Structures are given as structure tokens and as C-alpha cells.
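Thanks, everyone. I'll keep this brief, so please have the model open and follow along.

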Amino acid sequence: MPEKLALFGGSFNPIHHGHLLIARSIFEQLQLDRIIFLPSAQPPHKPQGTLAPPDDRAAMVRLSIEGERGFEISDYDLRQGPCYTIDTVAHFREALGMDIILYWVIGSDSLVELTTWYRVRALVDSCRIITAARPGWEQIDWTLLRSRLSEDQIAVLQSGVLETPLIDISATDIRRRVREGRSIRYLVPDRVRNYIESAGLYRTGPG
Ligand code: ATP
């Protein structure tokens, strides 16, 4: 049996229960062997000003998944320069050999932006993109995607949209709450909350 592996990239600024719950749901539905979280040093689609240092974001991912069966972290996207998903997928294919089924996990807000991703057509052919529904983006508008991708590619993307729990948590809201001195308990694992507090993350800044 080929290994089933999902890669879950993001800024994780910070990681929250939305990420973790969809990861667990996808892990179970696809009967994965592993899901690898890939915090990105410089996510191509995020404003740099709002990002906590990459090492802090990675540390919070590590604290969140510690001891969770099948959950791992890779520092591959912590390298300098923009990290394009297609390059990261190629790296894992090369490192792990061809006998794997490789998935890439995104939320439905990212799916509608996929047309802006670097070499999107090649990317869609290089791995199975799995989409988790996200509140506000439950209804996916395929018009833009249809303008860039073939009908076969659209069909593959559509079959990768899974029914995952709808969790209305965003990192933007968490950062805002910290800045405003409000509680983030229940939104992030306790260990992440403690880390944010002791490292003094997100107290100031543009959001
Ligand atoms: P920000 O609010 O800073 O933009 P975020 O909460 O969207 O951050 P990211 O680290 O950018 O978090 O997300 C990584 C991936 O996880 C993206 O593909 C995003 O769509 C997805 N994602 C994040 N939060 C959720 C959620 N609550 N439900 C479903 N998918 C999510």
C-alpha cells in the first residue's frame, strides 16, 4: 500500500483550533498515515508586516501537535525567500519516492484564490488538493478557476472538497483580540496561548 501523506502549509500566525480540527477530520476521512504542517517563513499571499517571527510560529505548531498520532511538522518552508507550493510538493516527492499519495490541504478561502498561485496548472497535476470548508466560503465560485484550469482539473478539485467541521476561527481575529487585551482561550490550545503571552506576540502591530 502506498503511504498517504498530506501537507498542510500556512502562515500559522498563530496556529488555532480551526487548523487543528480540519487537520484531524481530513486525517480520518482520507485515512492518512501522516499530515505534515509546514509553517511558511514568507507566505507569498500574506502581508509581511503582520507576521510573527517564523521560529515562534513553528514553535507554536510544535506545541499544538506534540503527541498527536500522525501529526508532524517540517521546517522545509521556513527557508529564506518565497516558498511556492509547487516547489515544496516537488521536494517531498523527491525525498519520499514515487510510491506515495500526496495531498495538499487548503481552506475554501484559499481555493478561490488558487488562480493567483504560482504555476497553478502544474500544481493541480502534481498533488491532490484537499479543501476544507470555511465559514463565509461554503459556496465555492468556480468561475475564476474554470478560466485557468481544464474541466478535468476542476473535477479533481471538486472531488477534493471534503465535509469538514465549519470552524469560525481566524488568525486575524486572534491577533486582534490579543492586541485589544481580550481572551483567546478556547480559540487556540492552552500551550499556544501561554506561548503568545510569554513571548509577547501580537500585542502591537498592524493586524
Ligand atoms: P489569517 O487570518 O492570518 O489570514 P488564517 O486563519 O487564514 O490566517 P493560515 O495560516 O493563513 O490561517 O491558514 C492556512 C490554511 O488553513 C489556509 O489554506 C486557510 O484557508 C486554512 N484555514 C485557516 N483557518 C481555517 C478554518 N477556520 N477553517 C478552514 N480552513 C482554515
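Helix α3, residues 85–96, lies across β1, β2 and β4. Against β4, α3 runs at about 155 degrees. Keep in mind that this is a predicted model.

Now the sheet itself. What is the strand order? Reading across, we get β3-β2-β1-β4-β5-β6. That is an open sheet of 6 strands, with parallel pairing. Which strands stand at the edges? They are β3, residues 71–73, and β6, residues 161–162. Each has a single partner strand, so one side of each is left without a neighbour in the sheet. Take the β6 end. Strand β5, residues 128–132, pairs with β6 in the parallel sense, over 2 bridges. T131 has V161 of β6 as its bridge partner.

Helix α1, residues 17–29, also packs on this sheet. The strands touched by α1 are β1, β2, β3, β4, β5 and β6. Relative to β2, residues 34–39, the direction of α1 makes about 150 degrees.

Next, the loop between β3 and α3. D77 lies there. Is D77 buried or exposed? Its relative accessible area is 4%, under the 20% cut-off, so D77 is buried. Another goes to the side chain of T88, at 2.7 Å. Leaving out residues up to four places away in sequence, D77 touches L38, P39, S40, A41, C83, T88 and W104.

C83 is on that list, which brings me to the cysteines. How many disulfides does a search of the whole structure find? The count is 0. For C83, the nearest cysteine sulfur is that of C127, and it is 15 Å away. A disulfide needs the two sulfurs within 2.5 Å, so C83 is in none. C127 is in no disulfide either. C83 counts as buried, at 6% relative accessibility. C127 counts as buried too, at 6%.

Last, the ligand. Which of the 22 residues around the ligand come nearest? They are K46, D109, R134, I167 and T172. Look at the atoms for I167. A backbone N or O atom of I167 lies 2.8 Å from a ligand nitrogen. H16 places a polar side-chain atom 3.0 Å from an oxygen atom of the ligand. H19 has a polar side-chain atom 3.0 Å from a ligand oxygen.

That's my tour. Over to you.

Notes
Residues are numbered from 1 along each chain as its sequence is written. This is a predicted model: local features need pLDDT of at least 70, side-chain atom pairs count only at pLDDT 80 or more; totals for chains, interfaces and linings use all residues. Side-chain values use heavy atoms; hydrogens and water are left out. Buried means under 20% relative accessible area, exposed over 50%, partly exposed in between (1.4 Å probe, protein chains only). Two strands pair if DSSP finds at least two bridges between them. Helices (H or I, at least four residues) and strands (E, at least two) are DSSP runs, numbered from the N terminus. Contact means heavy atoms within 4.5 Å. Axes are lines fitted to C-alpha atoms, for helices over the stretch in contact, and angles run from 0 to 180 degrees between N-to-C directions. A residue is near a molecule or strand if one of its heavy atoms lies within 4 Å of it. A polar contact is a pair of N or O atoms within 3.5 Å; within protein, one must be able to donate a hydrogen and the other to accept it, and residues adjacent in sequence count only if both atoms are side-chain atoms.
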